[in-house]
Amino acid sequence: MGTQTVQTRRFSRQDYERLVAEGFFHPEERLELVDGELIMMTPQGSRHATAVCLAEGALRSLFGAGFSVRVQLPIALDPDSEPEPDLAVVTGSPRDYRDAHPQTAVLIVEVTDTALPYDRERKARLYAKAGIPEYWIVNLLEGCLEIYRHPAIVSSPGAAYQSHSVASSSDTISPLAAPERSLAVADLLP
Amino acid sequence: MTVQLCRRLFTADEYERMATTGIFGEDDRIELIDGEIVTMTPIGSRHAGAVNRLLNLFLPLQAEYAAQLSIQNPIRLSENSEPQPDLALLRPRSDFYASSHPGPQDVLLLIEVAETSTDFDRQIKLPLYAKAGIPEVWLIDLATEQIMAFSDPMPTGYQRSATYPRGTVLTPLAFPSTLLPTDAILT
């Protein structure tokens, strides 16, 4: 057959959603579609799960009416991507997304205890490319919050977001979409 | 710290089920290799010509019902591999393999044609064919104008290999009286 490089068949979001709708995958499988690749997500440890719960509570109190906090649910980000970030803050109420997953979010949060390069590089590129205005990584390995803002218009490796800062456990921060509210980073750490 | 980033792999059952959902188009040239759905490069005219020449040369075996020729069709190699070799000589079956794809026990000879590089065939597919016990595989290398024949499969690989340049003649193990001049295959 004479292939020089091995290319795997990419899946579109439409392919993926069709497979999901047909019950192709086991109900307990945790998958996400990233740039046409079906990635298996790692099982969650207790620290990771705790951090997700903490972030959920903190975000719900930060963002009031008019926003929904979605936990580990799909986002129909682009034609080849449907990730399931740990948390996504979207506009509107849950029923607004009854017939289709949200396509964007005002804030996406990933909790990371193992896959830092994946979340920092690949996920950051993915979210920036889709125009997600703000992306946080709750970094459990280093006990801090990484804040990425202002997606670059031209995405190139390593330059997904134009602004990148790190907040320590003694800092407080305000999300771009709720500038009048603030949150102690310590509240996000298990 | 490890990055546990794994692509979802598929079994041959899942792969065949996926095909029934209609997500693959008629033009999708794909095969399942070790759980990965791999896309194949488009077939160039030299490649197509070589397959056509092989088909012509093997037609007498087909006419005598000695072998079923199968062109670029799937072989159910194992639980997680279902490649589509360029040509397969199969044991004739009354249903023409309509009820299920052939398995390794149905294969007499597999032939892969490579127009530019034999790396994928040699490094990835050949070990799978050996592990599945495919008795003989030929790689037609159009770039170097030679044919490599592999036989005596073991789980670790083929124990015997021979290279046939232009001007030589090769013979399938299953059909010792069929003589094929390499010049008639290499375009």
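1. Helices and strands in this note are DSSP runs, numbered from the N terminus. The model is a predicted one. With those names, helix α1 (residues 12-20) of chain B lies across β2 and β3 of chain B, and it runs at about 160° to β2(B).

2. Helix α3 of chain B, residues 119-132, also lies across β2 and β3 of chain B. The angle of α3 to β2(B) is about 60°.

3. The strands β2(B) and β3(B) belong to an open sheet of three strands that includes a strand from chain A; the order is β1(A)-β3(B)-β2(B) and the pairing is antiparallel. Its edge strands, each pairing on one side only, are β1 (7-8) of chain A and β2 (30-33) of chain B.

4. The link between the chains in this sheet is the antiparallel pairing of β1(A) with β3 (residues 36-39) of chain B, over two bridges. At the level of residues, A:Q7 has B:T39 in β3(B) as its bridge partner.

5. Chain B also has an open sheet of six strands, with mixed pairing and the order β4-β5-β6-β7-β8-β9. Its edges are β4 (68-71) and β9 (157-165), each pairing on one side only. From one strand to the next, the twist averages 20°.

6. B:I111 has B:W138 of β7(B) as its bridge partner.

7. The largest nonpolar core holds 26 residues, and the members that touch the most others are A:L59, A:F63, A:L107, A:W136, A:L145 and A:I173. Two or more residues come from each of α2 (46-62), β5, β6 (107-112), β7 (134-139) and β8 (144-151) of chain A. The largest share, six residues, is from α2(A).

8. What does A:L59 contact, its neighbours within four places in sequence aside? The partners are A:V69, A:L87, A:V89, A:L107, A:V109 and A:W136. A second, separate core has 23 residues, including B:L54, B:L89, B:I147 and B:A149.

9. A:S81 sits in the loop between β4 (67-71) and β5 (87-91) of chain A. Is A:S81 buried or exposed? A:S81 counts as buried because its relative accessibility is 0%, and buried means under 20%. Not counting residues up to four places away in sequence, A:S81 touches A:R13, A:L33, A:V34, A:D35, A:I75, A:A76 and A:L126.

Notes
Residues numbered from 1 in each chain as written. Chains lettered and ligands numbered in written order. Predicted model: local features only at pLDDT ≥ 70, side-chain atom pairs only at ≥ 80, totals over all residues. Heavy atoms only, no water. Helix = DSSP H or I, 4+ residues; strand = E, 2+ residues; numbered from the N terminus. Buried < 20%, exposed > 50% of the residue type's maximum accessible area, 1.4 Å probe, protein only. Contact = heavy atoms within 4.5 Å. Core = buried A, V, L, I, M, F, W, Y, C linked by side-chain atoms within 4.5 Å. Pairing = 2+ DSSP bridges. Axes fitted to C-alpha atoms, helices over the stretch in contact; angles between N-to-C directions.
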